[in-house]
Amino acid sequence: MMVASTTLGAPPDEDLSLPKATVTKMIQELLPNDISCAKETRDLVIECCVEFIHLISSEANEVCEKESKKTIAPDHIITALKTLGFDSFTAEVEDVLKDHKQQQKDREKKVSKFEQSGLTEQELLAAQEELFAASRAKFQSTG
């Protein structure tokens, strides 16, 4: 079952796109330096990408609905890729997902500057007040 693209709050399909500058940069990075890409070609690539995303999203939505879920999960995308015959994409998608999950864990583990300082909150506040006072004195001496 496909969800209509004109549901409340969703823009019509012709308004869906990808950032042209980003796509242009990606194309330029992939092409040899002596090859350029016409604007019409870039626009066609964008249209193809949007259609591909729509196709995968629609299929993943169906998978999600069959499982009585309300949120499309990464596994739904992988199943959609396989169902649509894009099996060769799944290994790379799974690798990217694994890397993403690791980055999320690493972000959670990062300690704040406060924790890294080794100072108490009172010591940090005193240091902050000293900096403010020095800044105030410098500002007043130049004014």
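In which handedness of crossing does α2 pass α3?

1. **What you are looking at.** This is a predicted model, where local features need pLDDT of at least 70, side-chain atom pairs count only at pLDDT 80 or more, and totals for chains, interfaces and linings use all residues. Residues are numbered from 1 along each chain as its sequence is written, and side-chain values use heavy atoms, with hydrogens and water left out.

2. **Confidence.** The predictor's confidence in each residue is called pLDDT and runs from 0 to 100. The average for the chain is 87, and 86% of the residues score at least 70. Please read residues 1-11 with care: the pLDDT there is below 50, and beyond near neighbours in sequence this stretch has twelve contacts in the model. A contact means heavy atoms within 4.5 Å.

3. **Overall layout.** You will find six helices and zero strands, in the order α-α-α-α-α-α along the sequence. Of the 143 residues, 13% count as buried, where buried means under 20% relative accessible area, exposed over 50%, and partly exposed in between (1.4 Å probe, protein chains only).

4. **The α2 and α3 pair.** Now back to the opening question: α2 passes α3 in a right-handed crossing. Handedness is read by how the near helix is turned from the far one by less than a right angle: clockwise is right-handed, anticlockwise left-handed. The contact involves Phe 52, Ile 56, Glu 59, Ala 60, Val 63 and Cys 64 of α2, and His 76, Ile 77, Thr 79, Ala 80, Leu 81 and Thr 83 of α3. Helix α2 covers residues 39-66, and its axis lies 8 Å from that of α3 at an angle of about 110°. The axes are lines fitted to C-alpha atoms over the stretch in contact, with angles from 0 to 180 degrees between N-to-C directions. The two helices are therefore roughly perpendicular, a term for angles of 65 to 115 degrees.

5. **Around α3.** The buried residues of this helix are His 76, Ile 78, Ala 80 and Leu 81. Thr 90, in helix α4 (residues 87-109), touches Ile 78, Leu 81 and Lys 82, not counting residues up to four places away in sequence. Thr 90 is itself buried, at 9% relative accessible area.

6. Ser 68 sits between α2 and α3 and has a positive phi of about 55°, although it is not a glycine. Most residues other than glycine have a negative phi. Ser 68 is exposed, with a relative accessible area of 66%.

7. **Val 23 in α1.** This valine belongs to helix α1 (residues 20-30) and is buried, at 8% relative accessibility. Leaving aside neighbours within four places in sequence, Val 23 is in contact with Leu 18, Arg 42, Val 45 and Ile 46.

8. **Cysteines.** The count of disulfides is zero, taking a disulfide as a pair of cysteine sulfur atoms within 2.5 Å. For Cys 49, the closest cysteine sulfur is in Cys 48, 7.0 Å away and so too far for a bond. Cys 49 is partly exposed at 31% relative accessible area, whereas Cys 64 is buried at 2%.

Methods:
Helix = DSSP H or I, 4+ residues; strand = E, 2+ residues; numbered from the N terminus. Parallel < 35°, antiparallel > 145°, perpendicular 65-115°, else oblique.
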